[in-house]
Amino acid sequence: MVGTLQTIHSSLGYAVVVIVLVAAVLAFRAAGGPPVSRASSLTMVLLDVHVAIGIVLYVAAGAWDYPALVAYVHPAIAVAALGVGHAGLARARRGGSSRAAAQGLLGALVLVVVAVGVASAGLGA
């Protein structure tokens, strides 16, 4: 089970990078449209699912015994990415600007890329 979760989490991580990038670009181009598009909302749901899988994997694999980059830094950055993305979408919903959603997604994208890189470096990939 842990091996399967690891494969799903790793593969989905790279997909999340691409999908968040696309959603951020679409949000920046959506001037005058709804403040939060369906694509932005679905992207955050995907990021929620990815982080949830990561938390389950963390507990199931006993990841607290992994190298520090994977055990502590990677999860902290991933949760920060989730928070930044949700904060941007919440700000967009309150302020009515798709630009706020795009900025939140862009911030989440940067953190997701860092989290993937940290995990790769920590595992020696």
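Let's start with helix α3, residues 68–95. At 1.5 Å a residue, its 28 residues should span 40 Å, and the end C-alpha atoms are 39 Å apart, which agrees. That expected span is 1.5 Å times one less than the number of residues. Helices here are DSSP runs of H or I with at least four residues, strands are runs of E with at least two, and both are numbered from the N terminus.

A word on the source. This is a predicted model, where local features need pLDDT of at least 70 and side-chain atom pairs count only at pLDDT 80 or more, while totals for chains, interfaces and linings use all residues. Residues are numbered from 1 along each chain as its sequence is written, and side-chain values use heavy atoms, with hydrogens and water left out.

Back to α3. There is a kink of about 30° at H74, shortly before the proline P75. The bend at a residue is the angle between axes fitted to the seven residues ending there and the seven starting there. H74 is also among the buried residues of α3, which include V70, I77, L82 and L89. Buried means under 20% relative accessible area, exposed over 50%, partly exposed in between, with a 1.4 Å probe and protein chains only. What do these buried residues pack against? They pack against α1 (2–29), α2 (38–61) and α4 (98–122). Just after α3, G96 takes a positive phi of about 75°.

Now over to α2. H50 lies in this helix. Is H50 buried or exposed? H50 is buried, with a relative accessible area of 10%. Leaving aside residues up to four places away in sequence, H50 touches H9, L12, G13 and V16. Contact means heavy atoms within 4.5 Å. A polar atom of the H50 side chain lies 3.0 Å from the backbone oxygen of H9.

Finally, the whole protein. It has 4 helices and 0 strands. Along the sequence the pattern is α-α-α-α. The radius of gyration is 15 Å, close to the 14 Å that the globule rule gives for 125 residues, so the protein is as compact as a globular protein of that length. That radius is taken over C-alpha atoms, and the rule is 2.2 Å times the number of residues to the power 0.38. The C-alpha atoms fill a box of roughly 50 × 25 × 20 Å along the principal axes. Of the 125 residues, 38% count as buried. Among contacts with a separation of 6 or more, 79% join residues 24 or more positions apart.

Key:
A polar contact is a pair of N or O atoms within 3.5 Å; within protein, one must be able to donate a hydrogen and the other to accept it, and residues adjacent in sequence count only if both atoms are side-chain atoms.
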